[in-house]
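User: Hi! Could you walk me through this structure and its ligand?
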Amino acid sequence: TRTYVVTGAASGIGKATVEHLRAQGHTVFGVDIRDTDIIADLSTDDGRASLVEQANRLSGGRLDGVIAVAGLVAPKPITVRVNYFGAKATLESLQPLLTKSDAPRAAVVASMGALTEVDDDLLALLLADDEPGAVEAAERLGTTTLATGMSPIYATTKNAIARYVRIHAKDDQWSGAGIALNAIAPGVIETPMVAATLATEEGRAAMAEGAPAPLNGPAAPPTAPAALLAWLTSEENSFVTGQIIFIDGGAESILRPELV
Ligand code: NAD
């Protein structure tokens with residue numbers, strides 16, 4: 001059996017992923033701000049340091065899989081801290097523990113939202129690893145929304161973390177160390193994050209337009225992305241890396257059919 005760390009473990013996709021891996025007999029340390037094994041606030045440096053300390057202690061310094069799921073959708077600066085810098089810190093700070101595994105794998109949850117309009121200033125600051133600058137840019141963006149009703153803060157953080165995977169999977173730290181690094185980009189998944197939106201006719205219509213899902217849509221249960229994350233971080237995945245895998249009932253293929 002393998003040993004995993006999964007962030008965002010208290011709810012939604014993270015919780016379903018923990019349950020999926022445990023049902024396969026693996027050891028899993030959940031990470032969240034509440035209700036799980038490792039309590040750590042990924043929006044802060046202290047919380048990120050505490051994650052590494054606790055993960056080292058609980059795992060004995062060796063992990064086979066790291067899955068960064070924790071995220072927020074609120075149009076607020078904290079979304080920048082958790083979705084990009086918290087996810088990046090999770091991956092990079094636990095990478096040394098992965099190097100002790102015979103079949104190390106990492107994955108992060110981006111979003112179909114990464115395909116909508118991004119804010120170029122915020123994106124540049126994220127990719128430059130400038131957390132104070134990115135937080136200020138998010139403060140300036142405030143509660144502006146895109147035509148789809150989505151916050152450019154959310155869309156940009158998800159675009160940036162997907163780019164992180166595209167840019168870095170080939171690096172010595174990842175491929176060079178035998179570690180597969182991938183992202184998934186879910187369409188609409190039935191979790192507390194989108195429950196309020198899915199509860200109104202207007203919200204459902206906006207989501208169906210932004211993420212039309214002809215296969216088993218309009219939304220999937222969190223067990224769907226959980227199974228994909230489990231496979232991407234399993235021993236079986238020896239050759240998929242640097243990919244953004246859309247799990248969206250076909251939405252991405254409808255929105256950009258020319259891309260092959
Ligand atoms: P959720 O709200 O059910 O779960 C998110 C979890 O992240 C919560 O348990 C929350 O406590 C945790 N979290 C938030 N801030 C944190 C922090 N500072 N430190 C540690 N943990 C923190 O939402 P979900 O739908 O399961 O979302 C999981 C991921 O999937 C997110 O990254 C989200 O952006 C992404 N996603 C969701 C959907 C969807 O339709 N639900 C679609 C695309 C992408």
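**Around the ligand**

Analyst: Happy to! The ligand is surrounded by 30 residues, and the closest are S11, I13, D32, Y154 and T191 (a residue is near if one of its heavy atoms lies within 4 Å). This is a predicted model: local features need pLDDT of at least 70, side-chain atom pairs count only at pLDDT 80 or more, and totals for chains, interfaces and linings use all residues. Residues are numbered from 1 along each chain as its sequence is written, and side-chain values use heavy atoms, leaving out hydrogens and water.

User: How do the residues of the shell divide into nonpolar, polar and charged?

Analyst: There are 18 nonpolar, 8 polar and 4 charged residues. Here Ala, Val, Leu, Ile, Met, Phe, Trp, Tyr, Cys and Pro count as nonpolar, Asp, Glu, Lys and Arg as charged, and the others, Gly among them, as polar.

User: Switching topic: at what angle do helix 4 and helix 6 pack?

Analyst: Helix 4 (residues 120-127) and helix 6 pack at about 40°, their axes 9 Å apart. Helices are DSSP runs of H or I with at least four residues, numbered from the N terminus; axes are lines fitted to C-alpha atoms over the stretch in contact, and angles run from 0 to 180 degrees between N-to-C directions.

User: So what do we call that?

Analyst: Helix 4 is oblique to helix 6, because angles under 35 degrees count as roughly parallel, over 145 as roughly antiparallel, 65 to 115 as roughly perpendicular and the rest as oblique.

Conventions: Helix = DSSP H or I, 4+ residues; strand = E, 2+ residues; numbered from the N terminus.
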